[in-house]
Amino acid sequence: MTWWRRVFFAAGQLGLMALARFFFSWHLQLADSRSPTGEVLLNAALVGAAFLAGRIFDGVTDPIAGLFSDWWVRSGRQRRTLLLYALVVPAIGVGLIFSPTHALSEAARWALVGGGMVVFFVGYTLYCIPFWSLTDDYAGEDEAERRILSTALGAGLILATAVVGVGTPALIQALGYQQAAVWFALPCVGLMALPYLAQPRGGPRA
């Protein structure tokens with residue numbers, strides 16, 4: 001693989017993990033935000049419990065997504081095409097999670113946060129399982145290439161943590177949670193599309 005293809009591969013990890021870190025970092029702070037009258041948006045403890053349930057759901061669905069990804073390849077289709085079907089789903093979930101406001105009823109707030117978490121975790125699983133499997137598809141039997149791509153995944157995670165930690169507090173302060181989530185998600189979706197273009201010349205090596 002050329003270096004620019006490796007960069008495109010790492011970009012997918014950066015985009016996905018930046019979305020996830022934004023969600024993980026700010027959902028409890030959103031829940032604890034208060035109106036001018038002092039009303040709390042949502043019960044942060046219940047939001048945390050919903051998040052824990054979502055993580056458990058994510059772990060349960062991982063092997064199912066893996067089986068589906070392998071079936072997709074056995075059916076004669078490229079695994080990388082699954083990324084295109086799933087790449088906007090986590091972003092939609094993040095947008096829903098951070099859309100509640102004090103102007104909405106409490107039921108509507110919970111519907112948006114709960115539904116957003118379901119959408120996010122489903123999309124996260126549907127994207128990350130085939131994406132991480134591309135390490136083997138793109139590297140094939142080349143162990144050195146597999147190490148480079150695995151390192152690229154680690155680098156993407158570190159960069160995502162730095163981007164969210166450094167850039168998002170000011171973004172939220174300037175735009176609020178709802179608009180910040182939308183504007184942050186848009187470039188993440190673009191980054192998540194790039195691994196599709198990272199396939200080595202001649203197709204998968206697996």
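**View 1. Helices α1 and α4 of this predicted model run roughly parallel to each other.** The two helices α1 and α4 pack at an angle of about 15°, with their axes 11 Å apart, and because angles under 35 degrees count as roughly parallel, the pair is described in that way. The crossing of α1 and α4 is left-handed. On the α1 side of the contact are Leu19, Phe22, Phe23, His27 and Leu30, which meet Pro90, Ala91, Val94 and Ile97 in α4. When the residues of this contact between α1 and α4 are sorted by type, eight are nonpolar, one is polar and none is charged.

**View 2. Helix α1 also packs against helix α5.** Here α1, which spans residues 3–31, and α5, which spans residues 106–139, pack at an angle of about 155°, and their axes are 11 Å apart. That angle makes α1 roughly antiparallel to α5, because angles over 145 degrees are placed in that class. As for handedness, the crossing of α1 and α5 is left-handed. From α1, the residues Phe9, Gly12, Gln13, Leu16, Met17, Ala20, Phe23, Phe24 and His27 take part, and they meet a set of α5 residues that includes Met117, Phe120, Phe121, Tyr124, Phe131 and Trp132. The residues of the contact of α1 with α5 comprise 16 nonpolar and four polar ones, with no charged residue.

**View 3. Phe98 belongs to the largest nonpolar core.** This core has 53 residues, and the members that touch the most other members are Phe9, Phe22, Phe23 and Phe98. Two or more residues are given to the core by each of α1, α2 (44–74), α3 (81–86), α4 (89–97), α5 and α6 (143–193), and the largest share, 14 residues, comes from α6. Leaving aside residues up to four places away in sequence, Phe98 touches Phe22, Phe23, Trp26, His27, Leu30, Tyr177, Gln178 and Ala181. In soluble globular proteins, nonpolar side chains tend to be buried together.

**View 4. Pro36 lies in the loop between α1 and α2.** Is Pro36 buried or exposed? With a relative accessibility of 91%, Pro36 counts as exposed, because that term applies to values over 50%. Although Pro36 and His102 are 66 residues apart along the chain, their C-alpha atoms are separated by 9.7 Å.

How values were computed. Residues are numbered from 1 along each chain as its sequence is written. This is a predicted model: local features need pLDDT of at least 70, side-chain atom pairs count only at pLDDT 80 or more; totals for chains, interfaces and linings use all residues. Side-chain values use heavy atoms; hydrogens and water are left out. Axes are lines fitted to C-alpha atoms, for helices over the stretch in contact, and angles run from 0 to 180 degrees between N-to-C directions. Helices (H or I, at least four residues) and strands (E, at least two) are DSSP runs, numbered from the N terminus. Angles under 35 degrees count as roughly parallel, over 145 as roughly antiparallel, 65 to 115 as roughly perpendicular and the rest as oblique. A crossing is left-handed if the near helix is turned anticlockwise from the far one by less than a right angle, and right-handed if clockwise. Contact means heavy atoms within 4.5 Å. Ala, Val, Leu, Ile, Met, Phe, Trp, Tyr, Cys and Pro count as nonpolar, Asp, Glu, Lys and Arg as charged, and the others, Gly among them, as polar. A nonpolar core is a set of buried Ala, Val, Leu, Ile, Met, Phe, Trp, Tyr and Cys residues joined through side-chain atoms within 4.5 Å. Buried means under 20% relative accessible area, exposed over 50%, partly exposed in between (1.4 Å probe, protein chains only).
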